[in-house]
Amino acid sequence: MFKNILVAIDGSIYSQKALPTAIEVAQKFGSDVCVLHVSEHDRGRAAVFSLETPAEATRLVADAVKTAREAGISAVGELRDVAAVAKAIVETAAARGIDLIVMGSRGLSDVQGLLLGSVTHKVMQLADVPVLVDRGPARVKEFSRAAAVQKPAAAC
Ligand SMILES: Nc1ncnc2c1ncn2[C@@H]1O[C@H](COP(=O)(O)OP(=O)(O)O)[C@@H](O)[C@H]1O
Ligand SMILES: [Mg+2]
């Protein structure tokens, strides 16, 4: 069903969780995987500066490609350096004939209380292929807390 999967990573714990999800889907469907990272830029008053070094960005993608290959997946990496992250994800997906985009629900920003990060939100609006959003480790914690609350009280 999914021949070509794109997994978008930003180095956050959420996208660390999205990668194994993409790998698992790829194993099930025999898909190829493209790992994409877009270097983000912050617009300061006087200049536009990158939030990471080029070496860090290259390493992030290379490590993820290696992990996918070690899991037996045919994987390639792509690094983009543009301001509009969501647009770059969707455009890369279209250019590569991607039929599933996998990403985390949140990313590196520390805005609390948001269910969905802005990049994921935009990709879901712009993409014309399915988007699999991995809720990440925070969701796992939420579930275990809920389970603890719902536990029946011990009989007395
Ligand atoms: N620069 C990026 N390059 C590739 N993927 C990204 C990038 N930024 C975010 N993503 C993807 O989008 C997901 C959600 O991140 P984002 O929407 O930026 O949330 P937040 O607002 O919490 O930073 C990440 O887990 C990752 O999968
Ligand atoms: Mg972000």
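In what follows, Ala, Val, Leu, Ile, Met, Phe, Trp, Tyr, Cys and Pro count as nonpolar, Asp, Glu, Lys and Arg as charged, and the others, Gly among them, as polar. The model on your screen is a predicted one.

Begin by selecting ligand 1 together with its surroundings, where 22 residues form the shell and the closest are Met 103, Gly 104, Gly 107, Gly 117 and Val 119. If you then colour the chain by element, you will find that α1 (13-29), β2, β6 and α4 are the elements that each give two or more residues to this shell. Coloured by class instead, the shell around ligand 1 shows 10 nonpolar, nine polar and three charged residues.

Next, select helix α3, which covers residues 85-95 and whose buried residues are Val 85, Ala 86, Ala 88, Ile 89, Val 90 and Ala 93. Showing the neighbouring elements as well, you can see these buried residues of α3 pack against the strands β1 (4-8), β2 (32-38), β5 (75-80) and β6 (100-104), and also against the helix α4 (118-126). Follow the chain just past the end of α3 and stop at Gly 97, whose phi is positive, at about 65°.

Finally, go to Ala 71, which sits in the loop that joins α2 (54-70) to β5. Is Ala 71 buried or partly exposed? Ala 71 counts as partly exposed, because it has 16 C-beta neighbours inside 10 Å, whereas a buried residue would need 20 or more. Apart from neighbours within four places in sequence, Ala 71 is in contact with Ile 23 and Gln 27.

Methods:
Residues are numbered from 1 along each chain as its sequence is written. Chains are lettered from A and ligands numbered from 1 in the order in which they are written. This is a predicted model: local features need pLDDT of at least 70, side-chain atom pairs count only at pLDDT 80 or more; totals for chains, interfaces and linings use all residues. A residue is buried if 20 or more other C-beta atoms lie within 10 Å of its own, exposed if 12 or fewer, and partly exposed in between; C-beta atoms are placed from the backbone. Helices (H or I, at least four residues) and strands (E, at least two) are DSSP runs, numbered from the N terminus. Two residues are in contact if their C-beta atoms, placed from the backbone, lie within 7 Å. A residue is near a molecule or strand if its C-beta atom, placed from the backbone, lies within 6 Å of it.
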